[in-house]
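Visitor: Hi! Could you walk me through this one? I'd like to ask things as we go.

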Amino acid sequence: MESPLTRRAAKDLLKSKKTIAFTGAGISVESGIPDFRSAGGLWERFDPEEYAHIEAFYSNPEKVWVMLKEMFSLILKAKPNPAHIGLAELERMGLLCCIITQNVDGLHQAAGSQNVIEYHGSHRTLSCLKCSKSMAGTHLTLNDLPPRCPSCSSLLKPDVVFFGEAIPWKAQTLSIMEAKSCDLILVIGTSAVVYPAASIPFIAKQKGATVIEINMEPTPLTHQISDYLIQGPAGKILPEIVQEVKRLRESREDY
Ligand code: NAD
Ligand code: ZN
């Protein structure tokens with residue numbers, strides 16, 4: 001049974017002229033990729049401040065690649081969960097314009113979403129730091145760390161944004177444009193503490209958009225800019241919203 005807030009979200013989606021989603025690591029937890037907070041996940045063994053910082057990568061790539069190797073194997077095994085699938089369905093129904101994701105796992109695209117902005121890059125490809133050769137992560141053998149470029153033997157780095165690195169210009173510009181022009185933003189599975197990503201919901205709110213959060217727990221956005229929080233696992237809540245949208249459409253109930 002869906003909750004009153006799920007019904008409210010379905011009605012808000014149907015009334016909206018342009019909805020976007022902003023997602024974080026929480027949406028992929030049910031696919032087996034731990035967020036920065038999950039107990040027992042790889043981030044309990046690898047402090048993200050230390051291992052996900054660009055200075056650490058440059059000064060000790062062997063060490064950072066031990067963490068990256070684990071992340072690669074988790075991502076390669078992971079499958080989209082009902083939350084990713086629900087967002088892809090909303091896009092196909094013409095109710096979701098785009099997803100801005102902080103995730104690097106490619107699961108939105110695997111679920112069938114077409115319009116995805118990868119704010120922090122992607123783990124699916126790597127680049128050589130010297131000759132810029134690009135290669136797919138699936139082609140990588142990680143027996144000897146760090147992996148080296150097949151052309152020039154220099155260091156390979158996944159195409160993800162580490163702490164201390166700039167956001168790719170195109171992703172940043174597109175995200176700001178989408179945030180400024182939407183009237184509804186679904187903020188899903190993000191603690192909203194990593195900047196500049198966390199400024200996206202604020203930009204949308206400043207332009208008058210409704211902010212709906214879906215999260216296991218309140219975040220710094222909850223009492224500041226969120227219109228409401230639907231608390232619980234995204235993999236349960238998103239399919240409920242999609243069902244309710246379909247029901248409302250079919251029943252032609254007023255919304
Ligand atoms: P975070 O780890 O800081 O916060 C995750 C949030 O998701 C928390 O607020 C938590 O309460 C919530 N959450 C956990 N499980 C959930 C569920 N099942 N349903 C709904 N909400 C749930 O994540 P962040 O805000 O994305 O920031 C972490 C940074 O690390 C991001 O910039 C991201 O690039 C990177 N990261 C990416 C991945 C990935 O690609 N899957 C994984 C870990 C970290
Ligand atoms: Zn090279």
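This is a predicted model: local features need pLDDT of at least 70, side-chain atom pairs count only at pLDDT 80 or more; totals for chains, interfaces and linings use all residues.

Visitor: Great. What coordinates the zinc ion (ligand 2)?

Guide: The SG atoms of Cys 128, Cys 131, Cys 149 and Cys 152, at 2.3 to 2.4 Å. Donors here are N, O and S atoms within 2.8 Å of the metal (3.2 Å for Na, K and Ca), and sites may look incomplete because water is not among the atoms.

Visitor: And which geometry does the site of the zinc ion have?

Guide: Tetrahedral, with angles of 96 to 120° among the four donor atoms. Four donors get that label if all angles lie between 85 and 135 degrees. The ideal angle for four tetrahedral donors is 109.5 degrees.

Visitor: What spacing do the donors follow along the chain?

Guide: C-x2-C-x17-C-x2-C. Cys 128 lies in strand 4 (residues 121–128) and Cys 152 in the loop between strand 5 (134–136) and strand 6 (156–160), so this pair ties together parts 24 residues apart in sequence. Strands are DSSP runs of E with at least two residues, helices are runs of H or I with at least four, and both are numbered from the N terminus.

Visitor: Is Cys 152 buried or partly exposed?

Guide: Partly exposed, at 29% relative accessibility, whereas Cys 128 is buried at 3%.

Visitor: Switching to ligand 1: which polar atoms lie by its oxygen atoms?

Guide: A polar backbone atom of Val 104 is 2.8 Å from an oxygen atom of ligand 1. A polar side-chain atom of His 120 also lies 2.8 Å from an oxygen atom of the ligand, and for a polar backbone atom of Gly 189 the distance is 3.2 Å.

Visitor: How much of ligand 1 does the protein cover?

Guide: 94% of the 860 Å² of accessible area that ligand 1 has on its own, by the Shrake-Rupley method with a 1.4 Å probe.

Visitor: Last one: where does Asp 35 lie?

Guide: In the loop between strand 1 (19–23) and helix 2 (42–45). Asp 35 counts as buried, at 16% relative accessibility.

Note on methods. Residues are numbered from 1 along each chain as its sequence is written. Chains are lettered from A and ligands numbered from 1 in the order in which they are written. Side-chain values use heavy atoms; hydrogens and water are left out. Four donors count as tetrahedral if all angles lie between 85 and 135 degrees; four count as square planar and six as octahedral if opposite donors are over 155 degrees apart and all others between 65 and 115; anything else is irregular. Buried means under 20% relative accessible area, exposed over 50%, partly exposed in between (1.4 Å probe, protein chains only). A polar contact is a pair of N or O atoms within 3.5 Å; within protein, one must be able to donate a hydrogen and the other to accept it, and residues adjacent in sequence count only if both atoms are side-chain atoms.
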